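Here is a short briefing on a predicted model. Read it with the structure open.

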Amino acid sequence: MVFSPRRIAAPLRCLLAASLAWSMAASVQAAAPAKPARLGLCAACHGETGQAQIPGAPNLAGQKLDYLREALKQYRDGRRNVPLMRAAIGPMSDADLDELARWYSAQTPLPPTQGNP
Ligand code: HEC
């Protein structure tokens with residue numbers, strides 16, 4: 001089989017396009033927040049993507065960042081006195097709470113009919 005330049009050019013172009021698309025996708029992903037180390041403390045009730053896993057737990061996906069951050073501080077500081085949430089958060093730092101708020105805020109909410117358990 002003879003490889004003419006024309007025959008090789010098409011797969012090469014294809015490869016180039018694929019690697020371009022990949023690098024673009026990779027840079028889009030970099031803009032999303034990294035998974036917080038403490039997400040495991042929340043996932044049993046709020047899910048990793050902010051969809052409630054138990055009745056009574058709110059969906060957090062797509063909530064406003066400021067709102068989530070403030071709510072978490074209120075639980076931690078006792079201004080919202082909900083033992084369940086206070087136990088989950090414990091004495092976390094502002095930076096940890098911020099990371100979790102950013103994560104949940106960046107998740108895409110499902111339509112309400114699918115999002116509620
Ligand atoms: C044992 C189950 C449980 C765990 C674990 C848990 N939560 Fe919650 N969370 C709840 C419940 C129940 C509420 C509703 C409390 C209330 O009425 O204020 C809540 C409320 C919240 C709210 C307020 C939402 C709103 O709309 O006001 C935020 C934010 C939140 N949780 C984040 C977290 C994060 C972050 C973690 C992990 C560090 C976590 N939760 C762990 C059960 C849980």
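A residue counts as buried if 20 or more other C-beta atoms lie within 10 Å of its own, and as exposed if 12 or fewer do. By that rule, the buried residues of H3 are Leu68, Leu72 and Tyr75. Seen down the axis of H3, these buried residues fall within an arc of 60°, so they line one face of the helix.

**Overall fold**
- The protein chain has six helices and zero strands.
- From the N terminus on, its elements run α-α-α-α-α-α.
- The protein chain has 117 residues, and 14% of them count as buried.
- Take the contacts in the protein chain with a separation of 6 or more: residues 24 or more positions apart account for 63% of these.

**Helix H3**
- H3 has 13 residues, which should span 18 Å at 1.5 Å a residue. The end C-alpha atoms of H3 are 18 Å apart, in agreement with that value.
- Asp66, Tyr67 and Asp77 are exposed on the other side of H3.
- H4 and H5 are among the elements that cover the buried residues of H3.
- Gly78 follows H3 and has a positive phi, near 90°.

**Helix H5**
- H5 covers residues 94–106. Its 13 residues reach 18 Å from first C-alpha to last, close to the 18 Å expected at 1.5 Å a residue.
- Buried in H5 are Leu97, Leu100, Ala101, Trp103 and Tyr104.
- Those buried residues line one face of H5, because they fall within an arc of 160° seen down its axis.
- An α-helix has 3.6 residues a turn, so residues three or four places apart point the same way.
- Asp94 and Ala95 are exposed, on the face of H5 turned away from its buried side.
- H2 and H3 pack against the buried residues of H5.
- Leu97 touches Arg69, Leu72, Lys73, Arg76 and Met92, leaving out residues up to four places away in sequence.

**Nonpolar core**
- The largest nonpolar core has 11 residues in all: Cys42, Leu60, Leu68, Leu72, Tyr75, Ile89, Leu97, Leu100, Ala101, Trp103 and Tyr104.
- H3 and H5 are the elements that give two or more residues to this core.
- H5 gives the most to this core, with five residues.

**Around the ligand**
- The ligand has 20 residues around it, of which Cys42, Cys45, Ala71, Ala88 and Leu100 come nearest.
- Helices H2 (40–46), H3 (65–77) and H4 (83–89) are the elements that give two or more residues to this shell.
- H2 gives the most to the shell, with five residues.
- By type, the shell divides into 16 nonpolar, two polar and two charged residues.
- Two residues of the largest nonpolar core, Cys42 and Leu100, are also among those that come nearest the ligand.

**The loop at Pro33**
- Which elements does the loop with Pro33 lie between? Pro33 is found between helix H1 (5–31) and H2.
- Pro33 has 15 C-beta neighbours inside 10 Å, so it counts as partly exposed.
- Pro33 is in contact with Arg102, Trp103 and Ala106, leaving aside its neighbours within four places in sequence.
- Pro33 and Ala106 are 73 residues apart along the chain, yet their C-alpha atoms are separated by 7.4 Å.

How values were computed: Residues are numbered from 1 along each chain as its sequence is written. This is a predicted model: local features need pLDDT of at least 70, side-chain atom pairs count only at pLDDT 80 or more; totals for chains, interfaces and linings use all residues. A residue is near a molecule or strand if its C-beta atom, placed from the backbone, lies within 6 Å of it. Helices (H or I, at least four residues) and strands (E, at least two) are DSSP runs, numbered from the N terminus. Ala, Val, Leu, Ile, Met, Phe, Trp, Tyr, Cys and Pro count as nonpolar, Asp, Glu, Lys and Arg as charged, and the others, Gly among them, as polar. The expected span of a helix is 1.5 Å times one less than its number of residues. The arc is that of the directions from the helix axis to the C-beta atoms. Two residues are in contact if their C-beta atoms, placed from the backbone, lie within 7 Å. A nonpolar core is a set of buried Ala, Val, Leu, Ile, Met, Phe, Trp, Tyr and Cys residues joined through C-beta atoms within 7 Å.
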